[in-house]
Amino acid sequence: MSNWENIVGHNWAVEMLASGLANDRLGHAYLITGPEQIGKTTLARTFAQALNCEAPETERPCGRCRPCKLIGLDRHPDVKLIVPEVSGRGKLTLKIETIRQLQQDLNLSAYETRYKVAILERFDAATIGAANAFLKTLEEPPGKVVLLLTATDADMLLPTISSRCRTLNLRPLPPDLIETSLATRWRVPAEKATLLAHLADGRLGWAVQASEDQTILQTRAEQLSHLHEALAGWRSHRFSLADKLSRKPETLPDLLKTWLSWWRDLTLLNQRQGHPVSLLLTNVDEIERLEPLAAAWSEAQINISLNQTNEALWQLERNANTRLVVENLLLIYPLPELA
Ligand SMILES: [Zn+2]
């Protein structure tokens with residue numbers, strides 16, 4: 001069994017990388033794209049292991065030899081993981097100094113491996129200067145160097161960069177695959193595995209993280225209880241809730257995304273016309289609350305709440321007055337008399 005089998009889903013991508021290696025048709029640069037926490041870096045790291053594994057060819061990457069182990073821990077001297085810096089507001093930046101340092105490293109010969117590898121995480125966070133500096137390496141890569149870039153979206157990169165890479169676009173995984181993997185490989189209890197698989201939006205990495213880090217589900221429970229509170233309250237209550245929520249502006253984007261998924265579920269339930277939709281729902285644990293509301297509220301009411309939640313998110317990203325945005329939003333949601 002090779003370490004490729006530890007990758008859940010993305011079979012075609014594994015196949016493409018493994019067969020390229022086996023048939024001696026390696027590219028010198030790959031761009032792995034897809035949503036956050038979908039497995040881009042895991043795929044890149046496993047490929048780096050395959051490139052440098054010491055096991056017989058058919059067993060690579062074995063996951064057990066020295067290079068495999070060190071690469072798995074991001075501690076191999078010839079396999080560099082480059083991660084963008086995070087600034088105060090969570091903005092990612094990959095700086096030109098980081099690229100220059102990497103270029104110096106890549107120009108030295110390998111210590112102990114067949115291939116030097118650089119994994120550049122979230123290259124969409126590269127500054128224009130950094131991207132242009134890196135272009136030189138892409139155009140004239142040093143021998144026996146393989147460059148693995150990841151990004152959420154190839155369109156966010158300079159075309160001069162993406163056109164020089166072989167692109168692998170990873171798609172979200174189906175919930176049932178995430179559910180099975182959580183239950184069998186991470187030993188997550190069945191009910192929790194089902195919930196996380198639905199909440200994950202196709203991102204296994206997120207689901208695994210949420211299964212290990214209690215605070216993620218706790219935060220979501222708080223976000224939903226604020227929403228329940230708002231919907232149960234009258235105008236005056238909503239004003240004071242808006243005031244309370246807007247005192248923590250950094251938590252709002254995430255809160256609104258959770259609310260958005262809840263309204264989307266309501267839209268699905270409202271429009272199902274007798275078809276079962278529970279497989280498509282995100283907030284499967286809310287079904288008993290959602291069902292009666294989907295029946296009681298009109299399509300128009302649900303749609304305007306959904307759209308306005310989206311709009312609020314958009315306004316906050318553009319630095320609108322936080323309190324006003326939240327207040328307006330809460331006043332648009334249906335009042336309890338209608339529920
Ligand atoms: Zn190995």
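Start with strand β1, where 5 of the 5 residues are buried, buried here meaning under 20% relative accessible area, exposed over 50% and partly exposed in between, with a 1.4 Å probe and protein chains only. Strands, like helices, are DSSP runs numbered from the N terminus: at least two residues of E for a strand, at least four of H or I for a helix. Keep in mind that this is a predicted model, in which local features need pLDDT of at least 70 and side-chain atom pairs count only at pLDDT 80 or more, while totals for chains, interfaces and linings use all residues. Residues are numbered from 1 along each chain as its sequence is written, and side-chain values use heavy atoms, with hydrogens and water left out.

Which way do the side chains of β1 point? Ala-29, Leu-31 and Thr-33 go one way, Tyr-30 and Ile-32 go the other, and all are buried.

Now step back to the whole sheet. It is an open one of 5 strands, paired in parallel, in the order β2-β5-β6-β1-β7. β2 (79-82) and β7 (166-169) stand at the edges with a single partner strand each, so one side of each has no neighbour in the sheet. Neighbouring strands are turned by 15° against each other on average, direction ignored; axes here are lines fitted to C-alpha atoms, for helices over the stretch in contact, and angles run from 0 to 180 degrees between N-to-C directions. At the β2 end, 4 bridges join that strand to β5 (residues 116-120), running parallel, and Lys-80 has Ala-118 in β5 as its bridge partner.

Helices pack on this sheet. α2 lies across β1, β2, β5 and β6 and runs at about 170° to β6. α5 touches β1, β5 and β6, and its direction makes about 140° with that of β6. Touching, or contact, means heavy atoms within 4.5 Å.

Next, go to helix α11 (residues 235-246). At 1.5 Å a residue, its 12 residues should span 16 Å, and the end C-alpha atoms are 16 Å apart, which agrees; the expected span is 1.5 Å times one less than the number of residues. Which residues of α11 are buried? They are Arg-238, Leu-241, Ala-242, Leu-245 and Ser-246. Seen down the helix axis, these fall within an arc of 125°, so they line one face of α11; the arc is taken from the directions from the helix axis to the C-beta atoms. Their cover includes α10 (214-232), α12 (252-271) and α15 (322-332).

That brings us to the largest nonpolar core, which has 32 residues. A nonpolar core is a set of buried Ala, Val, Leu, Ile, Met, Phe, Trp, Tyr and Cys residues joined through side-chain atoms within 4.5 Å. Among the members that touch the most others are Trp-259, Trp-262, Trp-263 and Tyr-333. Helices α10, α11, α12, α13 (287-296), α14 (299-317) and α15 each supply at least two residues, and α12 gives the most, with 9. Apart from this core lies another, of 24 residues, among them Ile-82, Leu-94, Ala-130 and Ala-151.

Most residues other than glycine have a negative phi, and most peptide bonds are trans. The bond from Arg-60 to Pro-61 is cis, with omega near -10°, and Pro-61 lies in the loop between α2 (40-52) and α3 (66-72). Asp-24 has a positive phi of about 60° although it is not a glycine; this residue sits in the loop between α1 (11-22) and β1 (29-33) and is exposed, with a relative accessible area of 65%. Lys-144 also has a positive phi, near 55°, in the loop between α5 (128-139) and β6 (145-151), and Lys-144 is exposed at 54% relative accessible area.

Methods
Pairing = 2+ DSSP bridges.
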